[in-house]
Amino acid sequence: MARAHWGCCPWLVILCAYAWGYPEPADLGSEDVRNCSINPPYLPVTVVNTTMRLTALRQQLQTQNLSAYIIPDTDSHMSEYLGTPDKRHSWITGFTGSAGTAVVTMGKATLWTDSRYWTQAERQMDCNWELHKQVGATPIATWLLTEIPAGGRVGFDPFLLSIDSWKSYDLALQGSDRQLVSITANLVDLVWGSERPLLPSQPIYALQEAFTGSTWQEKVSDIRSQMQKHRKAPTAVLLSALDETAWLFNLRSSDIPYNPFFYSYTLLTDSSIRLFANKSRFSSETLRYLNSSCTGPMCVQLEDYSQVRDSVQAYASGDVRIWIGTSYTTYGVYEVIPEEKLVTDTYSPVMVTKAVKNSKEQALLKASHVRDAVAVIRYLVWLEKNVPKGTVDEFSGAEMVDKFRGEEEFSSGPSFETISASGLNAALAHYSPTKELNRKLSTDEMYLLDSGGQYWDGTTDITRTVHWGTPSAFQKEAYTRVLIGNIDLSRLVFPAPTSGRLLEAFARRALWNVGLNYGHGTGHGIGNFLGVHEWPVGFHSSAVAMDKGMFTSIEPGYYKDGEFGIRIEDVALVVEAKTKYPGTYLTFEVVSLVPYDRNLIDVSLLSPEHLQYLNLYYQTIREKVGPELLRRQLLEEHAWLQQHTEPLSARAPGTASLAFLLTTSTLAILGWSV
């Protein structure tokens, strides 16, 4: 799980929040922390003055003869995280939350966001802005119908609206004598002008062959084969999501925070390959790697990023059929393709193919999790030594775990903003500390760490919840029931193919049995040095059926508003299950390798099957992570690992002392037996 959990599909986050009743922060009352009725108004110090920006934007509205302008919090690729040049929504509103839509008319400026961000919006927006505590195109369109006169024109940047969002606005405004107007020149960019951050210029590079599962030529051939077999015989595939192009060509860069992507599109036809990107960012070596100097079917022709709309429109004028995935294609390219020439699926063939890792990709991703476990274990040992001293806060802890990961081989930074949350902060849906606002870690409180790393061979995401003191009976019960949910789903055997949404209740059952629940999704796909949230894998309603070779997170939780939060998250590989009778059945193989907190486990709630599973898992951790710790002479960490992976039993016996295990680790390095 990450801060903007599955933010690439914000509607899904909102649906989950309402469906499962995620607890809201205690201060999310109906009162606005601003007081705009007095003169001068009372505003928090965190407010941004947007008066001049709105004045300039309204001048653009007049120039374009618009009554209103819609400003979504997205980019041209429906990315989960936004690059700095795409943070138009934040710049015009002052609000930095990761979900919301702004609408500006000649007389009003409004922000629409969900309950996770109400307080934040009130603390960051000045009195020019009204906060609407709703989400979705329908309430916005309803508001527009009351605010703008008949004959009014509602403008939008077509590259910032998904196909579904455009359809929702268009349907709501039909027959109202209000017109939805596509304007390709973004009006906020025109106002932002020279102050807008420059587009990235760092190199776009090819991954070393050691870190790729297939060559780009093999991938292109596979996608073309799928085109030929498709019943509608598409002549081209248009790729809009940034991870699609990065995966297809084994290329990476750093345009997007926490993701090794670069701004790009690809138009792959049966006889040509067009890659739309900034050509100046490719070295001569990378250009040779792409065969960019030739014009054959296996030669990648580079075209300017800004030309994708015109090029697609020109291609669509012929006798062609263009295959798109509607989830990541924006209206900006969709509107120039005649409907009869479209072949649509929810996800493109690249998105679906990428979700199933081949044997080499599986081995790479597993290897990255071994090194990631070393980093997390080093951090947990460091915490045990330093938290009792009162010297660690949430922010310094987040910095330290990032530091440990950065020291691992093939590291390329964190895979998302670390969630380091102590006590009541862990109950908040999207909490991450800052240098200015954080909480001290204490032996009297539970601590939740949700973090991950990017490595050249894989992407990781793991959550562990710990308590260094004496947890309450309820905390132990809640933790153990979350752990049972994690185990029940991880060891589940199910027929292939089965959709993840039919499986996820197993992660909730132990909580449901006593009237508890959690308000977020149960898992998401994960990439090979790509996105930490990789669609379309997972347990959500729009996920594809589970298939052998997919990786997904499994992350049940429980959150007691104003007190504590629990989440246990592992990454697991979908593998073929061994069953007594013939048939195609699947199960999960957990590849995250960090022990759970023994201090929080109520062994009396665990069945013999749960205990057997845990002890086998702990044995796997010892076998895979232990040798790596010894190889690097991390004796203290190895002793900690041995202590925290001691077999569990119904009687919950005591474990060997850390001093004894440290001695054992030292002797193991020396090759002596004990």
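**Disulfide and beyond**

Author: The structure holds 1 disulfide, meaning a pair of cysteine sulfur atoms within 2.5 Å. This is a predicted model, where local features need pLDDT of at least 70 and side-chain atom pairs count only at pLDDT 80 or more, while totals for chains, interfaces and linings use all residues. Numbering starts from 1 along each chain as its sequence is written, and side-chain values use heavy atoms, with hydrogens and water left out.

The partners are Cys 294 and Cys 299, with sulfur atoms 1.8 Å apart. The torsion about their S-S bond is about -100°, so the disulfide is left-handed. Burial here is by relative accessible area: buried is under 20%, exposed over 50%, partly exposed in between (1.4 Å probe, protein chains only). Cys 294 is partly exposed at 30%. Cys 299 is buried, at 7%.

Next, helix α6, residues 163-173. Helices are DSSP runs of H or I, at least four residues; strands are runs of E, at least two; both are numbered from the N terminus. Buried in α6 are Ile 163, Trp 166, Tyr 169 and Leu 173. Down the axis they fall within an arc of 130°, so they line one face of the helix. That arc is taken over directions from the helix axis to the C-beta atoms. An α-helix has 3.6 residues a turn, so residues three or four places apart point the same way. Asp 164 and Leu 171 are exposed on the face of α6 turned away from the buried side. Gly 175 follows α6, with a positive phi near 75°.

Now a loop. Lys 133 sits between β4 (129-132) and α5 (137-147). Lys 133 is partly exposed, at 28% relative accessibility. Its C-alpha lies 5.8 Å from that of Thr 113, 20 residues apart along the chain.

Last, the second largest pocket holds about 510 Å³ of space. Of its 17 lining residues, those closest to the centre are Phe 588, Glu 589, Val 590, Tyr 613 and Thr 620. α14 (359-386), β30 (585-590) and α18 (608-631) each give two or more residues to the lining. The largest share, 7 residues, comes from α18. The lining divides into 8 nonpolar, 4 polar and 5 charged residues. Nonpolar covers Ala, Val, Leu, Ile, Met, Phe, Trp, Tyr, Cys and Pro; charged covers Asp, Glu, Lys and Arg; the others, Gly among them, are polar. A pocket is an open set of points on a 1 Å grid over the protein atoms alone, where a 1.4 Å probe fits, with protein on both sides within 12 Å along at least five of seven lines; lining residues have an atom within 4 Å of a point. Points are joined across faces, edges and corners, and the volume is the space filled by probe spheres set on them.
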